[in-house]
Amino acid sequence: MTRSLLTLLAVLTLPGAALPLTLTAAAGAQDASPFEIRHDSDIPDGVRGLGHEFGAEITPPEDAIDYLRALEAAAPDRIRVFDYAESWEGRTLAYAVIARAEILDNLDAVQADLARLADPRGVSAAELDRLVAETPPVVWLSYGVHGDEISSTDAGLRTAYHLVSGVNDPMVETILDNTIVVIDPVQNPDGRARFVHSFTAARGIEPDPSRFSAEHDQPWPGGRFNHYLFDMNRDWFTMSQPETVGRVQAMLDWHPVVVVDAHEMGGDSTYFFAPAAEPFNPQIVRTQRAAQDLIGRNHARWFDRFGYTYFTREIFDLFYPGYGDMWPTMHGAVAMTYEQASPRGLVWRRQDGSTLTYGEAVDHHFIASLSTAQVVAENRERFVRDRLAFRQGAIDERSGPRAILLDRTGNRWGAERLARLLARQGIEVDGIDGGFTACGSRFRNGAYLVRFDQPAGRLARTLLEADTRLPDAFMAEQESRRARGLDHELYDVTAWSLPLMFDVDMAACSALPTNASQRFDPETEMSGGVVGDAAFGYAIPWTDAGQAAMAAALLRQGVAMRTTDAPFTIGERVFPRGTVVIQRHGQADGLDTLVRDAAENTGAIAIGLSSSWTDEGPNLGSGNFNAMVAPRIAMAWGEGTAPTSAGAVRFVLEQRYDLPVTIIRTERLRSADLSGFDVLILPEAGGAGYSGELGENGAHAITRFVQSGGVLVGLGDATRWMASSGVDLLPVQRERAADAIPDDGAEGPVIPGRIIEDEAQLLAAETPRNAMPDSSPGALLRVTANADAWMSAGYDDGAFALVTGSDIYSTVPLDELTTALRFAGPDDLVGGGYLWAENRAQLAYKPFIVSRSSGRGQVIAFTQDPSTRAYQEGLDLALLNAVLLGPAHASPYR
């Protein structure tokens with residue numbers, strides 16, 4: 001192969017393609033095989049650096065990072081290694097920068113040029129042309145975000161070795177002459193370590209290809225997830241995990257033009273690479289799609305050369321912005337998911353009897369990685385200019401809303417957390433102080449302004465607008481598929497609007513506000529403190545999760561407090577339901593310091609009370625006030641629970657609100673002494689579910705816990721078990737589809753014949769009996785509050801909940817159950833995303849949060865999991881209501 005390569009596609013015909021794109025060789029041309037090049041013997045190969053050939057063993061995460069450092073020590077003129085994060089379990093995450101020596105010697109200057117291309121405002125056209133011509137583009141290759149998708153990490157190490165050690169190889173020289181390659185080999189070291197441990201523990205004298213063998217059967221929770229059991233390929237815009245936070249910052253430092261996120265899928269499949277499947281997010285531009293096609297064609301050439309089978313344009317779409325390919329795409333990169341069939345060990349026997357080895361899987365990812373860098377190197381200027389045009393296009397965009405204003409009045413704490421989240425992923429946010437009117441709305445206490453005419457404007461739009469529209473033709477086909485009895489092709493949720501998920505009021509601006517603003521710095525401390533004379537004590541208004549966090553902190557320090565079920569008024573200030581009152585009398589010394597420190601540390605506001613007298617509403621001695629306790633929280637963990645649900649709720653409580661959670665193996669709940677706990681949480685079910693793990697003895701144990709004064713909290717489909725016969729903790733019933741044919745009248749094996757006259761009668765005849773509602777792929781639905789329910793404190797204006805799956809629960813009479821939050825009516829139900837019409841009709845007015853007293857305790861159920869992916873921060877307060885206010889409404893003997 002030479003650097004002057006034959007052109008397969010002379011000129012792209014897609015609109016907006018200003019320059020020709022070249023494919024790296026004509027079909028049939030014989031390039032030197034990457035498996036046969038000569039390597040510098042001074043560079044440690046797999047055997048010398050890892051103790052085995054690439055693909056012969058599964059490299060532990062720490063060995064992978066050590067190997068990159070060994071390459072750096074041997075060839076500092078070609079590779080530099082940078083640490084970028086530390087996992088929850090203390091493991092280092094690092095990436096390698098591979099480039100020619102003059103680039104590595106001037107990395108600061110190169111990064112400065114990359115930053116100017118990323119933000120071209122104020123840069124002359126001539127200077128931009130110079131930067132496009134001279135600045136090397138960054139190709140970012142990332143591996144192993146799912147810890148049990150193992151082959152990609154070793155492929156990344158092999159790619160690094162190949163580029164660092166290759167001698168007189170035209171492809172290597174082309175890549176190094178024209179690009180910077182960044183290799184992030186282990187995105188999830190904790191999950192990979194968990195997989196390697198379980199695999200090693202199960203190994204015998206030879207690799208076992210049986211899919212039923214223990215080495216292929218990971219114990220709960222498996223290696224896919226990180227320490228807190230997050231699927232980090234859904235965490236990009238949420239940035240809840242330290243691994244993601246570090247990775248986002250690293251990409252913002254390097255501004256890659258191409259990003260690869262290498263995965264694995266089922267072992268009976270082949271290999272997937274770009275182009276992606278429909279639907280595409282509407283913020284994706286034609287040049288990005290064209291470049292995906294170009295890269296895919298080059299992969300096809302190499303895969304054909306080696307006899308590797310593959311598929312494209314199926315399953316893996318580019319719509320939801322939380323993926324490792326979609327988030328960089330919204331910043332202007334050409335980002336792609338690659339999926340290799342997984343051996344989930346060293347060898348896997350496919351259903352057709354053939355075998356897939358770990359080495360083969362590593363080879364496939366290795367070739368795809370090199371092919372990606374090759375295409376960018378041989379179309380260097382095109383990729384640089386396209387990313388520049390993407391970001392310049394966002395700056396120049398004038399259609400649709402021009403900006404979003406995030407109100408700081410109702411949910412001050414949530415608004416500021418949302419502003420921080422946006423700013424930390426490269427979106428410019430401005431603060432406007434004081435009261436003002438703009439964009440058709442009144443803002444009493446300031447707002448955050450996010451303009452869309454900025455380099456990251458496309459990402460800002462897709463994260464902030466209430467709805468990202470799915471293509472009409474695509475959704476028409478999905479509805480047609482459903483009508484034909486086929487599954488829909490939506491891969492993930494269809495709604496993710498951050499203002500809705502954070503429960504922050506927003507206003508869309510058709511013109512840019514003229515109010516004075518100042519750039520918001522996400523590293524400034526959130527302001528909190530104490531207001532007013534505190535001669536009697538303090539009140540903590542129950543208005544947002546930050547206020548609840550302050551109460552939780554003071555409870556853990558032994559401060560006595562009471563919460564109210566009814567609002568009260570002192571002077572002109574109205575204190576809402578849930579408000580916590582702290583009476584000075586009877587407290588230990590240092591109360592004022594404790595309250596002030598807690599307010600400042602959480603960013604919350606405490607109101608000083610000069611007297612206990614209320615002008616309206618209950619006084620502190622009223623039965624409307626209930627004493628609070630520092631909750632001792634237990635949670636079901638392990639088999640029977642869904643790992644991501646268990647991990648997310650634990651993370652939310654522990655890491656956001658400093659509330660420790662004792663995790664108890666689900667089957668252990670049958671015999672565990674639960675009397676030492678105030679709250680028991682059942683996350684969503686997984687595997688055999690709660691019935692399989694708890695059995696009759698477990699049900700009795702949990703019932704005794706509630707009857708004795710405990711608070712049981714069920715999330716999502718845990719509600720099914722709580723309401724099941726034999727458990728009967730909740731008098732709710734799951735509904736079948738409203739149009740399902742009941743089997744009450746079934747006439748046995750022989751039924752009367754029927755004449756089918758048209759297709760409508762045919763569809764009716766084929767309608768499944770007792771069918772459940774169709775599963776929702778994920779939409780944000782409005783919920784409204786029952787103002788008489790303590791579990792709805794803080795939600796007088798309602799909120800939004802992400803709804804997935806098919807569970808719909810019937811309404812229950814008030815004398816049997818309290819519905820605290822219910823779904824809105826059909827006309828107001830959908831806040832964002834796509835919901836099947838029949839689900840919209842059937843979900844309207846149905847329960848979202850229910851509670852009831854049982855014995856001396858409380859039973860609470862969320863019919864949808866409020867902690868999913870930890871990105872519904874607007875529902876954190878509802879979860880805190882359950883764990884903080886729930887024990888206040890129970891009456892155990894303490």
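Among contacts in the chain (heavy atoms within 4.5 Å) between residues at least 6 apart in sequence, 80% join residues at least 24 apart. This is a predicted model, in which local features need pLDDT of at least 70 and side-chain atom pairs count only at pLDDT 80 or more, while totals for chains, interfaces and linings use all residues. Residues are numbered from 1 along each chain as its sequence is written, and side-chain values use heavy atoms, leaving out hydrogens and water.

Along the principal axes, the C-alpha atoms fill a box of roughly 85 × 80 × 60 Å. The chain has 25 helices and 38 strands, which are DSSP runs numbered from the N terminus (helices: H or I, at least four residues; strands: E, at least two).

The chain exposes about 34100 Å², of which carbon and sulfur atoms supply 47%; accessible areas come from the Shrake-Rupley method with a 1.4 Å probe. The mean positions of the 76 positive and 119 negative charges are 2 Å apart. Here Lys and Arg count as positive and Asp and Glu as negative, without His and the chain ends, and each charge is placed at NZ of Lys, CZ of Arg, CG of Asp or CD of Glu.

A search of the whole structure finds 1 disulfide, defined as a pair of cysteine sulfur atoms within 2.5 Å. Cys439 and Cys509 form this link, with an S to S distance of 2.0 Å. The pair ties together distant parts of the chain, 70 residues apart: Cys439 lies in the loop between strands E16 (436–438) and E17 (441–443), and Cys509 in strand E19 (residues 506–509). The torsion about the S-S bond is about 100°, so the disulfide is right-handed. Cys439 is partly exposed at 27% relative accessibility, whereas Cys509 is buried at 0%.

Finally, Gln518 sits in strand E20 (residues 518–519) and is exposed, with a relative accessible area of 59%. Leaving aside residues up to four places away in sequence, Gln518 touches Val429, Asp430 and Gly431.

Technical notes: Buried < 20%, exposed > 50% of the residue type's maximum accessible area, 1.4 Å probe, protein only.
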